[in-house]
Amino acid sequence: QVIADPENYVSFTSLAGENRQVLGIRSMEEVYYTYTSNIGFDLTSGSYYRISVSVYTQNLQLLTEGVDSDLMGASISLSGFDNTFSQIVSDNTWTTYTFYISPDSDVTTYLQLSLGSAQAGTMGDVFFGNIEFDDSLTDFDGINENEYTKVLNTVSSTTEDDTTDDSTDSSTSPD
C-alpha cells in the first residue's frame, strides 16, 4: 500500500515485521488532533513491559506566523503516564519510539496518537504503524532514556478510565 502526494510517497513495505496496517492522520490546516485507542494494555505493578510504535511524517508545516517551529509535529503517549514523545518530525523516514514500563500500581493504559499540540497546530501527514506490545521482559537493566526511548515507572495521579467507546478522537484548533 502506498500513499502518494506530488512530492513524496509512503511505502508501508519498509515497516519492520509482518504488520503493514497503519493509522494515518492528514490535515490540510493546522490542527491538534488526537486518536485514543479503545484497546487497553493491562499493566501489573512490578512487571515489565515494552510498547513501541513506528512513525512516519511528511509535509509537516506551520502556517501561523510567530509560532515556534520546534513545537510542530506528532506525538505518542500512554494514558495514565506523564512522559510522552512529542514534536516528532521524522522527515519521510520510519522511526521507532519505545516505552519501557514498570508501573508502581496496576493500570490499564491506552495508546494516544496525535498530530499537532495544544501549543502549535500542525498541518501535514503522520502515519503510525508497527505497534508492538511485549510483556515477557524481566527487567530494564541497560535501558537508558534517549530521544527514542522512555522509561515509565510512576502512574500519573490524574489517570482517567475511559472504556465506553470503540475509539475516542478529538480535534481542536490551538489558540
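Predicted model: local features only at pLDDT ≥ 70, side-chain atom pairs only at ≥ 80, totals over all residues.

Biologist: Is Ser114 buried or exposed?

Modeller: Ser114 sits in strand S8, which covers residues 107-115. Its relative accessibility comes out at 4%. The cut-off for buried is under 20%, so Ser114 counts as buried.

Biologist: Which side chain does the side chain of Ser114 make a polar contact with?

Modeller: Leaving out neighbours within four places in sequence, Ser114 is in contact with several residues, including Ile25, Tyr32, Ala74 and Phe128. Thr34 is on that list too. The side-chain-to-side-chain polar contact, at 2.7 Å, is with Thr34.

Biologist: What about the hairpin of S5 and S6: which residue there takes a positive phi near 90 degrees?

Modeller: S5 (residues 74-78) and S6 (residues 85-88) pair in the antiparallel sense over two bridges. Ile76 has Phe85 in S6 as its bridge partner. Six residues lie between the strands, and the positive phi belongs to Gly80.

Biologist: How many of the seven residues of strand S7 are buried?

Modeller: S7 covers residues 95-101 and is largely enclosed by the rest of the structure. That description holds because the count of buried residues is six.

Biologist: And which residue in S10 does Tyr100 stand opposite?

Modeller: S7 is joined to S4 (residues 48-61) by seven bridges, running antiparallel, and Val55 has Thr95 in S7 as its bridge partner. With S10 (residues 149-152), S7 pairs in the parallel sense over four bridges. There, the residue opposite Tyr100 is Val151.

Notes:
Residues numbered from 1 in each chain as written. Heavy atoms only, no water. Buried < 20%, exposed > 50% of the residue type's maximum accessible area, 1.4 Å probe, protein only. Polar contact = N/O pair within 3.5 Å; in protein donor to acceptor, adjacent residues only side chain to side chain. Contact = heavy atoms within 4.5 Å. Pairing = 2+ DSSP bridges.
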